[in-house]
Amino acid sequence: MLAMGPRFLLSLTVMFLCAASSVFAGPPFLTDDPEPVETGHYEFYLFSTYDRIPGSTSLRAPALEFNVGAAPNLQLHVTVPFAWSETAGGPRRSGWGDVELGLKYRFVQETATTPQIGVFPVAFLPLGNAGRGLGNGQAWFILPLWAQKNWGPWTTYGGGGWAINHAPGMKDHAFGGWLLQRAVGEHLTLGGEVFAQGADAEGGRGTALANVGGIATLKPGLSLLFSAGRSISGERHTIAYLGLQWAWGRDSARSRSG
């Protein structure tokens with residue numbers, strides 16, 4: 001798969017997104033949730049992400065994510081991406097991107113009247129080459145707080161936090177989002193979100209994005225995840241996500257779509 005060019009991978013992503021839209025947490029959305037993987041259960045994702053701004057395109061493909069329920073209410077998280085970067089009139093660059101290490105902890109349980117609440121701090125380790133547009137150049141961190149409430153086939157979750165980034169040319173910024181999704185039958189969940197963040201680079205602008213997508217259960221323990229969106233104010237972005245999730249555990253397979 002690494003031998004395929006980024007244009008081919010992008011075309012493949014768009015093709016799958018168009019097919020899925022005729023027929024979703026965290027992935028495939030920007031907004032995350034406070035719900036950790038169950039103790040003794042595992043999630044593995046093979047995915048790609050696409051982000052285009054005027055004059056520049058960034059792609060992570062393939063990228064690997066692994067989550068494990070390490071203890072009650074505690075999830076450990078790691079993501080390792082292969083990255084592509086292209087600027088208008090410039091060369092196309094590729095290589096390993098920055099690695100994510102995170103810890104999700106839920107400290108308030110959901111009840112009939114109150115939401116569940118958790119934190120999900122993540123560290124981004126500078127494995128990618130910043131000079132080639134494949135990484136940040138220094139370690140940076142996000143410190144979010146997330147809340148979630150379920151009722152019937154509906155789920156809503158969201159929150160926000162603070163990003164700490166002291167790499168040259170970058171700056172600390174706030175971020176946050178909210179999502180609403182609904183189970184459509186037993187095998188499909190559809191939803192939409194609004195996500196916003198402040199300027200993350202010196203001289204840059206903040207952005208707000210609208211994003212829609214879903215999770216389709218292909219068979220127990222295997223799901224297709226997809227989303228696409230664009231900015232509605234501020235810096236212009238067009239984004240997309242496409243991935244497969246494998247879920248398994250000590251008792252039975254578990255997917256994010258339930």
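Start at Glu 86. At 23% relative accessibility, Glu 86 counts as partly exposed, because that class runs between buried (under 20% relative accessible area) and exposed (over 50%), with a 1.4 Å probe and protein chains only. Before going on, note that this is a predicted model, where local features need pLDDT of at least 70, side-chain atom pairs count only at pLDDT 80 or more, and totals for chains, interfaces and linings use all residues. Residues are numbered from 1 along each chain as its sequence is written, and side-chain values use heavy atoms, with hydrogens and water left out.

**Stop 1: the partner of Glu 86**

Arg 92 forms a salt bridge with Glu 86, and the closest N and O atoms are 3.9 Å apart. The term means a side-chain nitrogen of Lys or Arg within 4 Å of a carboxyl oxygen of Asp or Glu. Arg 92 is also partly exposed, at a relative accessible area of 41%.

**Stop 2: a salt-bridge network**

How many salt bridges does a search of the whole structure find? The search finds five. Select Asp 32, Asp 33 and Lys 104: salt bridges that share partners join these residues into one network. From Lys 104, the closest N and O atoms are 3.4 Å apart in the bridge to Asp 32 and 3.2 Å apart in the bridge to Asp 33. Asp 32 lies in the loop between α1 (6-21) and β1, and Lys 104 in strand β5, so this pair ties together parts that are 72 residues apart in sequence. Asp 33 lies in the loop between α1 and β1 too, so its pair with Lys 104 ties together parts 71 residues apart in sequence. Are these residues buried or exposed? Asp 32 and Lys 104 are buried, and so is Asp 33.

**Stop 3: the whole chain**

Zoom out and colour by secondary structure. Of the 258 residues, 45% are buried.

**Stop 4: a surface patch**

Show the surface. Leu 76, Leu 103, Tyr 105, Phe 107 and Leu 145 form a nonpolar patch, with about 440 Å² of accessible area together. Such patches join nonpolar side chains (Val, Leu, Ile, Met, Phe, Trp, Tyr) within 5 Å, from residues with over 30% relative accessible area and no salt bridge. The areas come from the Shrake-Rupley method with a 1.4 Å probe, and for residues only the protein chains shown count as cover. Strand β5 (residues 99-108) gives the largest share of the patch, three residues. Leu 76 sits in strand β3 (residues 74-87) and is partly exposed at 36% relative accessible area.

**Stop 5: the largest core**

Hide the surface. The largest nonpolar core has 11 residues, including Phe 120, Trp 140, Trp 146, Phe 195 and Ile 239. A core is a set of buried Ala, Val, Leu, Ile, Met, Phe, Trp, Tyr and Cys residues joined through side-chain atoms within 4.5 Å. Strands β7 (122-125) and β8 (140-151) each supply at least two of its residues. The largest share, three residues, is from β8.

**Stop 6: aromatic rings**

There are nine aromatic pairs. Rings of Phe, Tyr and Trp (its six-membered ring) pair if their centres lie within 6.5 Å; planes under 30 degrees apart count as stacked, over 60 as edge-to-face and the rest as tilted. Select Phe 47 and Tyr 241. Their ring centres are 5.3 Å apart and their planes at 10 degrees, so the pair is stacked. Phe 47 lies in strand β1 (residues 41-53) and Tyr 241 in strand β14 (residues 238-249), so the pair ties together parts 194 residues apart in sequence. Both Phe 47 and Tyr 241 are buried.

How values were computed: Patches are made of residues with over 30% relative accessible area and no salt bridge: like charges are joined within 9 Å, nonpolar side chains (Val, Leu, Ile, Met, Phe, Trp, Tyr) within 5 Å. Helices (H or I, at least four residues) and strands (E, at least two) are DSSP runs, numbered from the N terminus.
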